[in-house]
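Please open the structure in a viewer and keep the selection panel at hand. The stops below are to be taken in order.

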Amino acid sequence: MGAVLGALTVGQLACCCGSAACSLCCSACPSCKNSTSTRIMYALMLLLTTVVSCIMLSPGLEDKLKNLPFCNETCANAVGYLAVYRLIFALTLFFLMFSVLMIGVKSSGDARAGIQNGFWGIKYLILIGAMVGAFFIPEQNTFGTVWMYFGMIGGFLFILIQLILIIDFAHSWTERWLENYEETQSKGWYCALIFFTLLHYVLAIAATVLLFVYYTSDPAGCGVQKFFISFNLICCIILSIISVLPKVQDALPKSGLLQSSVVTMYVMYLTWSSLNNSQDCRPSFLQKSHTFDAQSIVTLVIWFVCVLYSSIRTASNSQVSKLTMSEKILVQDGDSGDFGKGDAESGKAWDNEDSEVVYSWSFFHFMFALASLYVMMTLTNWYDPMTSIHDQNAASNKASMWVKIISSWLCILLYLWSLIAPIILRDRDFS
């Protein structure tokens, strides 16, 4: 029995510390490539940290810790908003370290490729050690406040990356269904495009009405809130009109209202998220203390989908990919390397980057560092980290309101640029 346990232990250690862990995570996907399996492993690392952070925010956890005989008031530092800040601080530094380490990697033949694609057990040990060490940072207001502003900046940048991924998803969605319609001549695909376009616009209109009803209740006030909702709605209408103009259609034949409807929904979501962080004109049912509300749940769902999408999605060499810079984030089509390496039928990942990398390893880790900061701000409701989760009078963070509303305006400008750039830059080849 001891020999069996010893063999299992050695086998598990080798699996965790080597590149075999990538193959295990994709054992159910016979066609998995090394570049994809590695990204999934890092996404799993980010997801597990998010789950632990959610546990730290459990309202009853602090009370249960205080009831333990060996626990005193210092146990409160292990839970709450500040605990989430400490965990994400370690995770962000981990991804930033890898971002710097992977600068200039051109192929899996680089000596640093083994660090990127393997040694998972050691990576987790380093990350856990960093998280434990983060709890020994002196309990001062300076750490939490300073790191909160880093979180706002990082969350702001990740919102823009989310928009890039959402635009890429919308265009890929439309292109795929239009190709299916052209190949099969089945009107079902065309009807499906029309249905989802109308559905998105109906949901966006319903959201706009609800925002006016619940966030502009004071007839004499709420001027800022009314401006945010009205201005963003007008901008979304203008974007929808521009997307179907003949010149835009000539430059981007597959651009249309489906993409605009998806962007409209995302902009209205950012508007709602911004109004939730305003100090005035908030609905009465949002004034009470809460750890997770509807906004947090929706935000986490969008965040998780974008992270998963960036881990498994393959970018095309289309105009949209170049305009939205999604080719820097997603794995490129036409992967280089010998596809015959590895046993695809047994579920093992093979090396498809031995000639050149199919995505920027350094930028990928930087994006995950921003994703970590974004989820940190989401879990803490963008509040000051020194705010207690039990505080009934927790004030919203006004700075976060402006971060989100400015993000929505930049999202509008970025999507507008993706529509008009081929018309303005006629001498540039986007194909």
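This is a predicted model: local features need pLDDT of at least 70, side-chain atom pairs count only at pLDDT 80 or more; totals for chains, interfaces and linings use all residues.

Begin by selecting Gly-129, which lies in helix H7 (residues 120–134); helices are DSSP runs of H or I with at least four residues, numbered from the N terminus. Gly-129 is partly exposed because its relative accessibility is 42%; buried means under 20% relative accessible area, exposed over 50%, and partly exposed in between, with a 1.4 Å probe and protein chains only.

Residues are numbered from 1 along each chain as its sequence is written, and side-chain values use heavy atoms, leaving out hydrogens and water.

Next, select Phe-95, Phe-158, Trp-303 and Phe-368, the residues with the most contacts inside the largest nonpolar core, which has 87 residues. Such a core is a set of buried Ala, Val, Leu, Ile, Met, Phe, Trp, Tyr and Cys residues joined through side-chain atoms within 4.5 Å. Helix H8 (residues 141–184) gives the largest share of this core, 18 residues. Now centre on Trp-303. Beyond its neighbours within four places in sequence, Trp-303 is in contact (heavy atoms within 4.5 Å) with Leu-46, Thr-50, Phe-158, Gln-162, Ala-371, Tyr-374 and Val-375.

Move on to helix H12 (residues 257–276), whose 20 residues should span 28 Å at 1.5 Å a residue; the end C-alpha atoms are 28 Å apart, in agreement. The expected span is 1.5 Å times one less than the number of residues. Of the 20 residues in H12, 17 are buried.

Which residues are the closest to the centre of the largest pocket? Select Ile-166, Val-262, Met-265, Tyr-266 and Ile-302, which hold that place among its 22 lining residues. H8, helix H9 (187–215), H12 and helix H13 (294–312) each give two or more residues to the lining, and H9 gives the largest share, seven residues.

Finally, select Cys-54 and Cys-191. Cys-54 is partly exposed, with a relative accessible area of 24%, and Cys-191 is also partly exposed, at 48%. A search of the whole structure finds zero disulfides, a disulfide being a pair of cysteine sulfur atoms within 2.5 Å.

Technical notes
On a 1 Å grid over the protein atoms alone, a cavity is a set of points where a 1.4 Å probe fits but cannot get out, and a pocket is an open set with protein on both sides within 12 Å along at least five of seven lines; lining residues have an atom within 4 Å of a point.
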